[in-house]
Amino acid sequence: MVFKRLMQAMGVGGPSVETVLANPNCRPGGYLEGQVHVTGGEHPVDIEYVSVGLLTRVEVESGDSEYNTDQEFHRQRLTGSFKLDAGARYDVPFRFDVPWETPITEVYGQHLHGMTMGLRTELEVARAVDKGDLDAVAVHPLPAQERILDAFLRLGFRFSRADVERGRVYGVQQHLPFYQEIEFYPPSQYAHGINQLEVTFLPTPHQLQVVLEIDKRGGLFTEGHDAFGRFDVDYHSVDQLDWTSQLDNWLQQSARRRGFF
């Protein structure tokens with residue numbers, strides 16, 4: 001009897017969990033829908049709860065070192081406690097709200113190099129937590145984000161990579177403990193003064209906050225340095241502006257003001 005209880009506590013012959021998403025594609029501020037299928041094992045168990053959480057890979061700076069870690073940044077508990085008989089099946093439909101500041105992972109049907117995003121199901125049985133496999137999630141940009149990204153592509157900037165960094169961005173409204181940077185290679189007309197451009201989106205329900213960082217190319221006797229700019233995009237009027245001209249003017253003025261060119 002003691003051996004049997006030990007086997008149960010270790011999860012041997014215990015319940016299995018499968019999560020099926022109706023559609024793995026979403027946008028910031030949107031939602032994911034699906035079902036969690038919990039199937040009983042060889043013996044009845046008391047389930048404490050079933051929950052799902054959204055995770056991404058985050059870069060952390062600690063002293064002089066850096067490391068990457070998977071960070072859960074939003075969780076929803078789907079059930080309370082319930083009893084699951086041996087071999088029984090318990091289906092849990094859910095609608096999971098995606099936070100507005102969720103980093104994007106796809107642009108124009110292409111995966112952003114460096115990004116990881118997934119939904120993980122968690123089941124607690126007798127104080128033993130079973131973290132299920134990560135179900136991949138594709139986060140597509142909001143229309144306002146697409147307008148800004150499209151403007152940079154029209155100017156000749158090319159995607160390099162993206163990452164998520166733990167920390168806060170000064171001067172913006174931010175709720176999550178990290179932010180995404182999307183890096184671009186500059187076109188020829190900027191390449192002699194700019195090493196790369198980094199774009200950070202911080203959406204809210206009412207507007208899109210955009211932060212730009214220009215990395216200056218260092219010279220033989222000078223060190224490179226950064227320039228920052230930020231602006232807000234109204235969701236309702238985003239299509240009324242020529243963002244290609246707007247961003248080109250800002251980049252040219254910012255670069256000249258700081259002596260980049």
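Two strands are taken as paired if DSSP finds at least two bridges between them. Helices (H or I, at least four residues) and strands (E, at least two) are DSSP runs, numbered from the N terminus. The model is predicted: local features need pLDDT of at least 70, side-chain atom pairs count only at pLDDT 80 or more, and totals for chains, interfaces and linings use all residues. Residues are numbered from 1 along each chain as its sequence is written, and side-chain values use heavy atoms, with hydrogens and water left out.

**Figure 1. Overview of the protein chain.**
The protein chain has four helices and 17 strands. Of its 261 residues, 45% are buried, where buried means under 20% relative accessible area, exposed means over 50%, and partly exposed lies in between (1.4 Å probe, protein chains only). The accessible surface of the protein chain comes to about 13900 Å², and carbon and sulfur atoms hold 47% of that surface. Accessible areas come from the Shrake-Rupley method with a 1.4 Å probe; for residues, only the protein chains shown count as cover. Among contacts (heavy atoms within 4.5 Å) between residues at least 6 apart in sequence, 62% join residues at least 24 apart.

**Figure 2. Strand S3 with its partners S1 and S7.**
Strand S1 (residues 16–21) runs antiparallel to S3, and six bridges join the two. Within this pairing, Thr19 has Val36 of S3 as its bridge partner. S3 is also joined to strand S7 (residues 89–97), again in the antiparallel sense, by nine bridges. Gly34 stands opposite Phe94 in S7.

**Figure 3. Surroundings of His37.**
His37 belongs to strand S3 (residues 31–39). With a relative accessible area of 12%, His37 is buried. Glu18 is 19 residues from His37 in sequence, yet their C-alpha atoms are 5.1 Å apart in space. Neighbours within four places in sequence aside, His37 is in contact with Ser16, Val17, Glu18, Val20, Arg89, Tyr90 and Asp91. The side chains of His37 and Asp91 also make a polar contact at 2.8 Å. A polar contact is a pair of N or O atoms within 3.5 Å; within protein, one must be able to donate a hydrogen and the other to accept it, and residues adjacent in sequence count only if both atoms are side-chain atoms.

**Figure 4. The loops on either side of strand S8.**
Thr105 lies in the loop between S7 and strand S8 (106–107). Its relative accessible area of 1% makes Thr105 buried. Not counting residues up to four places away in sequence, Thr105 touches Gln110, His111, Leu112, Met115, Met117, Val137, Ala138 and Val139. Tyr108 is found in the loop between S8 and strand S9 (110–111). At a relative accessible area of 46%, Tyr108 is partly exposed. Although Tyr108 is not a glycine, it has a positive phi of about 50°.

**Figure 5. Helix H2 and its buried side.**
Helix H2 (residues 143–154) has 12 residues, which at 1.5 Å a residue should span 16 Å; its end C-alpha atoms are 16 Å apart, in agreement. The expected span is 1.5 Å times one less than the number of residues. The buried residues of H2 are Ala144, Gln145, Ile148, Leu149, Ala151 and Phe152. These residues cover an arc of only 155° around the axis, so they lie on the same side of H2. The arc is that of the directions from the helix axis to the C-beta atoms. Just after H2, Gly156 takes a positive phi of about 105°.

**Figure 6. Gln246 in helix H4.**
Gln246 lies in helix H4 (residues 243–257). Its relative accessibility of 42% makes Gln246 partly exposed. Gln246 and Ala151 are 95 residues apart along the chain, and their C-alpha atoms are separated by 9.0 Å.

**Figure 7. Strand S14 and its two partners.**
Seven of the eight residues of strand S14 (residues 178–185) are buried, which leaves the strand mostly covered. Strand S13 (residues 158–166) pairs with S14 in the antiparallel sense over eight bridges, and Arg166 has Phe178 of S14 as its bridge partner. S14 also pairs with strand S15 (residues 194–203), in the antiparallel sense, over three bridges. In S15, Glu198 is the bridge partner of Glu183.

His206 is found in the loop between S15 and strand S16 (207–216). At 63% relative accessibility, His206 counts as exposed. Neighbours within four places in sequence aside, His206 is in contact with Asp234 and Tyr235. His206 and Tyr235 are 29 residues apart along the chain, with their C-alpha atoms separated by 7.0 Å.
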